[in-house]
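Subject: Structure handover

Hello,

Please find the structure below. My notes on what was found in it follow.

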Amino acid sequence: MKRVKACLNSECSECKKTYYKAADEFCVKCGSKLSYVCKHKNCFKALPDGSKEVLCPVHLAEKKDRGCLLMSIMAIGKM
C-alpha cells in the first residue's frame, strides 16, 4: 500500500474527506500544506513525519492482531 496525504485544516471543505497522492504538496481547495495520514477507512490521523508506515499505530496493531488470530485458527484446523 502507498502512503496518502490529506488536508487537516478544519476550515477546509475537503478536510478529512479526500485523499491526495504523495506527490501533492498543497490542498486544492484551501491551499494549506497536506500531511501524511492513516490509510484506514475514515481514520485520517496524522502520521509522524519520519514514519514510513501507511497506518496509524492503532490500526497497525489491529492488523497484527488479526494476523495472529488467523494463524491460530489455521493451527487449530490442522489438528
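Does Phe44 count as buried or exposed? Phe44 counts as buried, at 5% relative accessibility (buried is under 20% relative accessible area, exposed over 50%, partly exposed in between, with a 1.4 Å probe and protein chains only).

This is a predicted model, in which local features need pLDDT of at least 70 and side-chain atom pairs count only at pLDDT 80 or more, while totals for chains, interfaces and linings use all residues. Residues are numbered from 1 along each chain as its sequence is written, and side-chain values use heavy atoms, with hydrogens and water left out.

The average pLDDT (the predictor's confidence in each residue, from 0 to 100) is 84, and 97% of the residues score at least 70.

Aromatic pairs: the whole structure has 1 (ring centres of Phe, Tyr or Trp, the last by its six-membered ring, within 6.5 Å; planes under 30 degrees apart are stacked, over 60 edge-to-face, the rest tilted). Tyr19 and Phe44 are stacked, because their ring centres are 4.8 Å apart and their planes at 10°. Tyr19 is partly exposed, at 32% relative accessible area.

Charges over rings (NZ of Lys or CZ of Arg within 6 Å of the ring centre and within 35 degrees of the ring normal): Arg3 sits over the face of Tyr36 at 3.7 Å from the ring centre, and Lys5 over the face of Tyr36 at 5.0 Å.

Disulfides (cysteine sulfur atoms within 2.5 Å): there are 0. Cys7 is in none, with the nearest cysteine sulfur, that of Cys30, 3.7 Å away. Cys7 is buried at 0% relative accessibility.

Regards
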